[in-house]
Amino acid sequence: MVAPIDPRTLQAFVAVASEGSVSRAAERLHLSQPAVSLQLKRLAVLTGVVLFTRMPQGLALTADGAALLPQARETLAALTGFARAAEGL
């Protein structure tokens with residue numbers, strides 16, 4: 001059985017993928033760099049997937065990370081849609 005993944009972990013993954021940097025993603029999310037790094041490590045452990053490779057310029061998605069990114073974005077969008085629907089009730 002796969003453990004549930006916290007939406008904040010997906011937000012960190014998407015932010016780092018978009019920014020290419022833990023520090024820029026942390027700034028965008030108003031979190032510390034260690035907090036974002038911990039979220040990435042947690043996601044890698046939960047999924048068993050290597051999501052990023054270190055490059056001189058920052059982090060780059062692996063092929064597996066790139067394959068999971070659209071699903072992460074869709075999941076976050078669905079959560080936002082759920083919250084909006086609840087607000088409308």
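Contact here means heavy atoms within 4.5 Å. The model is predicted: local features need pLDDT of at least 70, side-chain atom pairs count only at pLDDT 80 or more, and totals for chains, interfaces and linings use all residues. Residues are numbered from 1 along each chain as its sequence is written, and side-chain values use heavy atoms, with hydrogens and water left out. Helices (H or I, at least four residues) and strands (E, at least two) are DSSP runs, numbered from the N terminus.

**Helix 1 with helix 4**

- Helix 1 covers residues 7-19 and helix 4 covers residues 63-87; they pack at an angle of about 125°, with axes 9 Å apart.
- That angle makes helix 1 oblique to helix 4. Angles under 35 degrees count as roughly parallel, over 145 as roughly antiparallel, 65 to 115 as roughly perpendicular, and the rest as oblique.
- Axes are lines fitted to C-alpha atoms, for helices over the stretch in contact, and angles run from 0 to 180 degrees between N-to-C directions.
- Helix 1 passes helix 4 in a left-handed crossing. A crossing is left-handed if the near helix is turned anticlockwise from the far one by less than a right angle, and right-handed if clockwise.
- From helix 1, the contact uses Pro7, Leu10, Gln11, Phe13, Val14, Ala17 and Ser18. From helix 4 come Gly65, Leu68, Leu69, Ala72, Arg73, Thr75, Leu76 and Leu79.
- The residues of this contact divide into 10 nonpolar, four polar and one charged. Ala, Val, Leu, Ile, Met, Phe, Trp, Tyr, Cys and Pro count as nonpolar, Asp, Glu, Lys and Arg as charged, and the others, Gly among them, as polar.

**Helix 1 with helix 2**

- The axes of helix 1 and helix 2 come within 8 Å and cross at roughly 125°.
- Helix 1 and helix 2 are therefore oblique to each other.
- Here helix 1 makes a right-handed crossing.
- Gln11, Ala12, Ala15, Val16, Ser18 and Glu19 of helix 1 meet Val22, Arg24, Ala25, Arg28 and Leu29 of helix 2.
- By class, this contact has six nonpolar, two polar and three charged residues.

**The buried side of helix 2**

- Helix 2 spans residues 22-29, and Val22, Ala25 and Ala26 are buried in it. Buried means under 20% relative accessible area, exposed over 50%, and partly exposed in between (1.4 Å probe, protein chains only).
- An α-helix has 3.6 residues a turn, so residues three or four places apart point the same way.
- The buried residues of helix 2 pack against helix 1, helix 3 (33-47) and strand 2 (58-61).

- His30 lies in the loop between helix 2 and helix 3. His30 counts as exposed, at 73% relative accessibility.
- His30 has a positive phi of about 60° although it is not a glycine. Most residues other than glycine have a negative phi.
- Thr62 sits in the loop between strand 2 and helix 4. Thr62 is buried, with a relative accessible area of 15%.
- Leaving aside neighbours within four places in sequence, Thr62 is in contact with Val50, Leu51, Phe52 and Thr53.
- Ala44 belongs to helix 3. Ala44 is partly exposed, with a relative accessible area of 25%.
- Beyond neighbours within four places in sequence, Ala44 is in contact with Val49 and Leu51.
- Ala44 and Gly65 are 21 residues apart in sequence and 9.6 Å apart in space, C-alpha to C-alpha.
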